[in-house]
Amino acid sequence: MAEAAIAGPAPRTAPQSLWVVPPLLVLAVLFLYPLALIARASLGEEAPSFAAFEQVLKSGQFIDGLYHTVVIAISATAGCLVLGFILALVIAFVPFPGARLASRLIDTVIALPTFLVTLAFTFIYGSAGIINETLMHVLGLELPPINFLYSQWGVILAEVTVYTPFVMRPLLATFSLIDQAQIEVASSLGARPARIVRRIILPAALPALVAGGSLCLLLTVNEFGIVLFIGAKDVITLPLLIYSKAIQEFDYTTACVIAVVNVVLSLGLYTLYRIVVAHFGGKSAGVV
Amino acid sequence: MAEATVMERMPASSKPVVASASAAAASGSRIGFEDVSVTYGSLTVLHSFTLTVNPGEIVALIGPSGSGKTTALRAVAGFVKPSSGRILIGDRDVTYLAPYDRKIGMVVQNYALFPHMRVDENVAFGLRAHGAAEDVIRKRVPECLAMVGMAAYGKRYPRELSGGQQQRVAIARALAPRPQVLLLDEPLSALDAQIRRSMLDELAKLHRDLPNLTVLYVTHDQTEALTLANHIGIMRDGRLQAFGGAQSLFRHPPNRFAAEFLGRANLLPASDLQPGEGDRAHVRFGGTVLSARNHHRLPKGSDCLVCVRPHDFRFTRTATEPNSIGGTVVSVQWQGDVHNITFEAGGQTVRMTSTPMASPPAIGEAIAVHFDPDEVTLVPEDARHG
Ligand SMILES: Nc1ncnc2c1ncn2[C@@H]1O[C@H](COP(=O)(O)OP(=O)(O)O)[C@@H](O)[C@H]1O
Ligand SMILES: [Mg+2]
């Protein structure tokens, strides 16, 4: 043993740094090259120019799409954070039978495709869904009384449902690390549950909330399936706009311009997310 | 320890041990367990537990791991609900009161400081929870930190403190809202031996400074219990095995378990008890007659145990002197300030400690030892727990 330790590792035939080449190659082929193509296409078909950019960025369609994207992403993320925090709090700290099952269930929701929830929503809240059918029958109405699903709110509700587990997972991991004795001592010092949540649990959960929230923001900015499935006429987000420009109108230049904006937005959010995670440093290690 | 005499006598019958101390101080709150049982599912971890900690008194609960000490303490704090019985703090029945309404201080083994708060914020936590005014907080926090010698550390975070310092802060935090009752669950167990000793001194001093504070101190360490406590309760398997004044419990343990757990006594099986003058009695051990105090008034002719502490033995010339026994040395161990000697006598392995000897006996050597009959007590053989 001692000899081996002194001798050190056997000399290598190739420098260690060469291992970086294959992943870089894959990254280049699968990601950077297509990205470059899109960026190039956004600059017009002939000589590169920002004419298309100027035109698209000023268009009402784009501004409307950007507005919807941002509003939906921020609202859905806020909803995820609030709902996720409350649910995780209940699962972690309120002893009830089936708490373990509940947290397993959350993992399962993460595994499901996002449109599935949307489809289920249509069955429940849609114009021909269970609730509307029942209400129309009971109240003798001609038209479905509940229409929120085909609006921004429908999209937000669906996204909150789908992405809340992404907030809960890091939260539950964090909560399991909180020393029960801290909560008990706080309680013995006269703190009621609300104070304990505010002063003990929330500060401990902050890194997980920020990380989970950033992830949600990232996912909701780029969400396509849910918006498409809800199919609300005047709720067009950037990903949906790209789809309709490229696939329905064959306007590739416009599609690529919007795509570039979308990528910049995503990378910006991702950078923010990394900065925040790095700021919390070791505290959030293993949690996010 | 004059106040201790009332509850020295322990019933040797199968009745559960019931502890209650005598004097009632003018101020401070008592802690009362009245017939408290705690169950987890089908497992009963506290059996009809009855004990009173008088106002201003320190009672130590000791016992092996899993004997239910923490459970008893948590029942006072409100974190376990008794399945039967009552818990009293002062004259209040708190059995169904939420923990945050009980006005207690609690200190646990791993300190449990709030990691994202500075030391002064930790200490202020209880004051804020009780709605104390800002100027009261500004005054009280440094006071409490000074009380535990941590005045200079208010602006630090817990992670920047050593274990001993963290425990001091935890004590200051518990005392800041001026609770009547302080619960300590193995507060020194996580500290290394040297710091534990100095903290023990400081806890004793703290209680001298706060004479009205009623303290329930849970530990598995008999030194801590003997150093700090007015009264000691010995627990085993969720039951109170013995309760009494610290000194009297040590000198006259009421049963085998108490004798062995508190001070690792030698228990020599003896028979044919014959009362002598005063509380003296004579018993047969092997071929010899030994004299000891019959503190528990065991009946004539009964079998019993002679409870001899390792340090009560003295070397003697021959085994024919009164109150002496002969044996063969099994092991000799030098520990600097003492010699630990194990010998066999009458089929028993007996431990003794002596001041360091220039020429200790050799293994296999025949020795004779004796003890002062006034230092040694007869203990009833405990029929309940083999
Ligand atoms: N939450 C719990 N659920 C089930 N059993 C428990 C629980 N807490 C403690 N126990 C059991 O109760 C017994 C006493 O525990 P405890 O009071 O912690 O003992 P001690 O503090 O004397 O070591 C142990 O056998 C332990 O396993
Ligand atoms: Mg314990």
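Visitor: Which backbone atom is 2.6 Å from an oxygen of ligand 1?

Guide: Keeping in mind that this is a predicted model, a polar backbone atom of B:G66 lies 2.6 Å from an oxygen atom of ligand 1. A polar backbone atom of B:G68 is also placed at 3.0 Å from a ligand oxygen.

Visitor: And which residue has a side-chain N or O atom 2.6 Å from an oxygen of ligand 1?

Guide: That would be B:T70, whose side chain has an N or O atom 2.6 Å from an oxygen atom of the ligand.

Visitor: Which residues surround ligand 1?

Guide: The shell includes B:Y40, B:V45 and B:P64, and also B:K69, B:T70 and B:T71. Sorted by class, the shell has three nonpolar residues, six polar ones and one charged one.

Visitor: Which element gives the most to that shell?

Guide: Helix α1 of chain B, covering residues 69-77, gives the most, with three residues.

Visitor: Okay, sheets now. In what order do the four strands of the open sheet in chain B come?

Guide: They come in the order β2-β1-β4-β5, with antiparallel pairing. The edges are β2 (43-53) and β5 (92-93) of chain B, each of which pairs on one side only. Helix α1(B) packs on this sheet, where α1(B) touches β1, β2 and β4 (84-89) of chain B, and the direction of the helix makes about 115 degrees with that of β1(B).

Visitor: How many bridges are there between β1 and β2 of chain B?

Guide: Strand β1(B), residues 31-40, pairs with β2(B) over seven bridges in the antiparallel sense. To pick out one of the partners, B:T39 is bridged to B:T44 in β2(B).

Visitor: What do β17 and β18 of chain B form?

Guide: They form a hairpin with two residues between the strands, and B:G346 in the turn has a positive phi of about 55 degrees. Strand β17(B), residues 339-345, runs antiparallel to β18(B), residues 348-354, and seven bridges join them. B:H339, for example, has B:S354 as its bridge partner in β18(B).

Visitor: Switching to chain A, where is A:S151?

Guide: A:S151 sits in the loop between α7 (130-139) and α8 (152-177) of chain A. A polar atom of the A:S151 side chain lies 3.1 Å from the backbone nitrogen of A:W153. Leaving aside residues up to four places away in sequence, A:S151 touches A:A232 and A:V235.

Key
Residues are numbered from 1 along each chain as its sequence is written. Chains are lettered from A and ligands numbered from 1 in the order in which they are written. This is a predicted model: local features need pLDDT of at least 70, side-chain atom pairs count only at pLDDT 80 or more; totals for chains, interfaces and linings use all residues. Side-chain values use heavy atoms; hydrogens and water are left out. A residue is near a molecule or strand if one of its heavy atoms lies within 4 Å of it. A polar contact is a pair of N or O atoms within 3.5 Å; within protein, one must be able to donate a hydrogen and the other to accept it, and residues adjacent in sequence count only if both atoms are side-chain atoms. Ala, Val, Leu, Ile, Met, Phe, Trp, Tyr, Cys and Pro count as nonpolar, Asp, Glu, Lys and Arg as charged, and the others, Gly among them, as polar. Two strands pair if DSSP finds at least two bridges between them. Contact means heavy atoms within 4.5 Å. Axes are lines fitted to C-alpha atoms, for helices over the stretch in contact, and angles run from 0 to 180 degrees between N-to-C directions.
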